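I record here what I looked up in this structure, entry by entry. The notes begin with the chains and then turn to a sheet, a residue and the cavities.

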Amino acid sequence: MKRFFTLLLAAAAFTGALAKEVTLLNVSYDPTRELYNAVNKAFSEQWKTKTGDTVTVRQSPGGSGRQARAVIDGLDADVVTLALAYDIDAIAERSRQVPKDWQKRLPENSTPYTSAIVFLVRKGNPKGIKDWGDLVRPGVAVITPDPKTSGGARWNYLAAWGCALHQPGGTPASAKDFLAKLFKNVAIRDTGARGATTTFVQREIGDVLIAWENEAILALKELGEGKFEVVAPSESILAEPPVAVVDKVTKKRGTTEVAKAYLDFLYTDAGQEIVAKNHYRPRNAAVAARFAADFPKLKLFTIDEVFGGWAKAHKEHFADGGTYDQIQAPRP
Amino acid sequence: MNIPRWLAAATLSASLASTFTTSADDPSATIAALLKRIGQLEEKVVALENNRSSAASPAPAADAAPVDAARIASLEQQVKVLDRKNELANEAAAEKARTAPVLTAGPGGFQLRSADTNFVIKLRGYAQADARFFPDDNVGGTVNDQFLMRRVRPILEGTLYEKYDFRIMTDFASGITSSAANNGFLQDGYLTARFYPEFQVQAGKFKEPVGLERLQSGANLLFIERAYPTQLVPNRDVGFQVQGDLAAGRLNYQVGAFNGVANGGSGDADTTDDDKDIAARLFATPFKDSDNDWIRGLGFGVAGTIGDQEGNATASNLRTAVSPGQQRLFGYRSGAGTNAATANVVADGRIWRVSPQFYHYIGPFGIIGEFVVSNQQVRRDDGAKSFAKLENTAWQVAASWFLTGEDNSFKAVAPRKPFTIGGEGWGAFEVAARISQLDIDDATFPLYANAASSATSATSWGVGLNWHLDKNIKASLDYEQTDLGGGSSPLLDNGEKAVLTRAQVSF
């Protein structure tokens with residue numbers, strides 16, 4: 001018996017001696033802090049149980065476009081979890097740190113969760129905002145971040161464009177005119193979605209915040225209980241925030257295995273549960289069904305359906321000289 | 001009552017609109033404009049609120065209160081917008097400051113560095129204007145009193161990708177021009193890869209790690225001219241070395257391979273042989289972190305080189321020795337090498353040098369000392385060939401004291417109170433004394449050097465005064481007296497008395 005315990009202790013000591021400490025950097029977009037706080041904790045525990053290694057995941061939230069530029073400029077991200085595929089495409093093209101076919105490496109085009117664009121208004125909806133058309137009324141102050149720096153803002157912009165296009169008689173010209181009027185009502189353009197939420201919720205500026213659904217629900221539940229309402233417009237866009245391992249960095253740092261496992265974890269039942277609890281729409285049908293009551297019913301269109309994909313949408317709308325530049329009144 | 005308010009509101013709206021269009025390109029200007037506007041609007045809101053609450057007579061119209069409330073709410077929103085814009089402008093300014101390159105200028109030179117300090121470029125340099133006087137050269141000395149630019153050295157140095165340092169230093173001093181044959185024009189040109197403090201690799205042209213005083217910057221010398229040991233060790237050479245600090249910086253090492261240069265010489269290319277010199281140095285400062293002032297500044301070590309060198313008819317790979325006044329006091333025979341009268345002496349074979357060395361700094365007091373033995377095989381060509389291994393030695397001890405109390409150092413010393421005209425500060429005053437000796441191997445004479453024109457030994461003693469006006473400006477006055485052994489030339493007979501002065505700027 002004594003010998004058995006000795007061997008057990010020796011084995012434990014040996015295992016402990018082999019255990020590693022691994023650090024990952026997840027470069028993400030603004031409103032994902034709470035989601036990835038929960039994911040990081042759960043994954044670290046799971047990985048520790050599975051391998052004995054201790055994983056610490058650091059986060060670096062910021063506007064999605066800015067984050068992509070930081071990675072291109074040399075920020076050593078092991079994984080990127082950004083707001084839109086275009087930003088990871090930019091990393092692939094400009095710095096070649098991820099392969100061009102990165103989106104095929106994980107299920108659902110490497111988007112383990114989705115979201116939508118909704119409105120957050122003040123309690124009682126004093127300006128009577130119900131749909132996109134209400135945002136261009138005189139006297140309505142709109143808060144949305146700057147599409148030049150924020151992935152969320154691009155989804156907002158495209159959601160508004162698509163809905164304008166779907167109006168009876170809607171054309172690209174009428175959609176452009178609608179966006180021009182809408183941005184005349186924008187009081188402040190923050191660089192990221194979380195900043196815009198701060199502007200609307202904490203600084204009490206504006207009548208309506210165009211926001212990620214997850215961010216609007218979060219604000220409703222945790223930042224201003226009883227002070228806000230979520231308004232689901234008649235139509236919105238299906239926002240698909242993608243994730244990818246940054247191969248060149250993980251190879252250099254020897255973290256490829258754990259980085260892949262980290263993103264795979266998002267697709268597991270446990271990961272999908274965390275996704276839903278943080279107000280993102282899970283891909284897993286069973287988990288989505290369990291949380292269906294938490295999400296408003298929305299008629300959603302995809303970026304591929306209306307804009308022909310991110311590359312085309314970026315070129316037409318957000319590249320220098322695109323429609324966003326064209327509709328600019330002098331910036332407020 | 002309502003009309004002026006409408007006018008006020010319209011005026012405010014117009015002024016706000018103009019504020020909104022203020023360019024965000026200049027965050028500080030934007031912040032200032034926003035702050036001013038916020039203050040004005042806050043005053044207006046308070047005034048409106050006061051007006052509303054104090055308007056007792058006549059009674060307001062039924063719809064006046066809602067109108068006022070709407071106006072106030074609108075103004076409050078605008079104030080909040082301005083507040084938030086101010087906040088965002090501050091954040092943007094902070095972000096810009098965090099990531100923007102930094103340009104600095106100061107006593108240490110001019111510097112441009114990236115916000116993360118991984119990329120740095122510095123413009124530095126120093127220049128020395130000297131005057132040399134020989135009070136009794138009428139006794140027979142051959143050198144004139146003169147002014148000259150001793151060193152004019154711009155320095156460009158920096159860091160790339162955090163770990164790679166580079167340095168380029170040229171010299172535009174008197175008599176030095178850029179040419180293929182000039183080994184002095186490019187003084188330093190090297191890259192240092194600092195992989196770890198313990199392991200660094202340096203490649204290019206730089207000082208071989210041998211002589212203590214040679215390794216001291218020309219801008220930080222105690223005396224205007226270096227002492228004799230420097231003339232028996234290499235100056236700058238092309239090669240590479242591995243270097244680093246061990247034991248938390250208490251032990252410093254360098255080991256390198258170089259083309260090989262003559263004693264006191266510099267080289268840009270090895271044109272005379274395939275052989276290379278190995279140079280190494282170990283220097284300890286075991287008490288550098290001690291609280292004990294008496295031992296903290298002690299450093300000691302040993303350095304040496306070994307290799308083979310060959311000279312030829314046009315490049316002997318041997319150099320002359322000079323006095324503190326820079327007069328030639330020793331040189332090997334040189335000529336066509338066809339007969340005894342025109343014998344030519346060149347390096348041919350093994351050369352090794354060993355140099356124990358030390359310094360010790362205790363408060364304002366400092367002392368440095370070094371000894372060098374240089375052993376070199378030479379060849380005499382005079383139709384026939386004869387060989388000899390000649391062993392020359394040199395040593396020096398130099399001490400100094402800061403009268404103004406500054407802590408003495410092997411490196412630059414900053415005065416406690418820099419000199420200012422009309423101010424209290426007079427800078428730092430340092431007095432110094434030195435004795436130095438050169439001894440030429442007896443076997444050198446008469447075959448390899450002419451005893452009539454070359455000294456067999458030289459002993460110099462000197463005293464000096466250095467006035468460090470501030471960190472950048474220094475004035476020096478030295479008196480050096482030299483006694484020379486052997487020979488029959490006026491210089492050798494009478495020795496040398498030299499008064500040397502220097503005005504130096506370094507940054």
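**Chains.** I began with chain B, where buried residues make up 45% of the 507 residues; buried means under 20% relative accessible area, exposed over 50%, and partly exposed in between, with a 1.4 Å probe and protein chains only. The model is predicted, so I note that local features need pLDDT of at least 70, that side-chain atom pairs count only at pLDDT 80 or more, and that totals for chains, interfaces and linings use all residues. Residues are numbered from 1 along each chain as its sequence is written, chains are lettered from A and ligands numbered from 1 in the order in which they are written, and side-chain values use heavy atoms, with hydrogens and water left out.

I counted six helices and 20 strands in chain B. Helices (H or I, at least four residues) and strands (E, at least two) are DSSP runs, numbered from the N terminus. Among chain B contacts (heavy atoms within 4.5 Å) between residues at least 6 apart in sequence, 64% join residues at least 24 apart.

For chain A I noted 16 helices and 12 strands. Buried residues make up 55% of its 332 residues. With the contact count set up in the same terms, at least 6 apart in sequence, 74% of the chain A contacts join residues at least 24 apart.

**Sheet in chain A.** I then traced an open sheet of four strands in the order β2-β1-β3-β10, with mixed pairing; two strands pair if DSSP finds at least two bridges between them. Its edge strands are β2 (54-59) and β10 (243-245) of chain A, each pairing on one side only. Strands β1 (residues 21-28) and β3 (residues 79-81) of chain A run parallel and are joined by three bridges. In this sheet I found A:Val27 opposite A:Val80 of β3.

**A:Glu21.** This residue is found in strand β1 of chain A. Is A:Glu21 buried or exposed? A:Glu21 counts as exposed because its relative accessibility is 73%.

**Cavities.** I found eight cavities of 30 Å³ or more. A cavity is a set of points on a 1 Å grid over the protein atoms alone where a 1.4 Å probe fits but cannot get out, and lining residues have an atom within 4 Å of a point. Grid points are joined across faces, edges and corners, and a volume is the space filled by probe spheres set on the points. The largest cavity holds about 140 Å³ of space. Its lining has 15 residues, and B:Gln231, B:Leu232, B:Asn263, B:Arg319 and B:Tyr332 lie nearest its centre.

Terms used: 1 Å grid on protein atoms, 1.4 Å probe; cavity = no way out; pocket = protein on both sides within 12 Å on 5 of 7 lines; lining within 4 Å.
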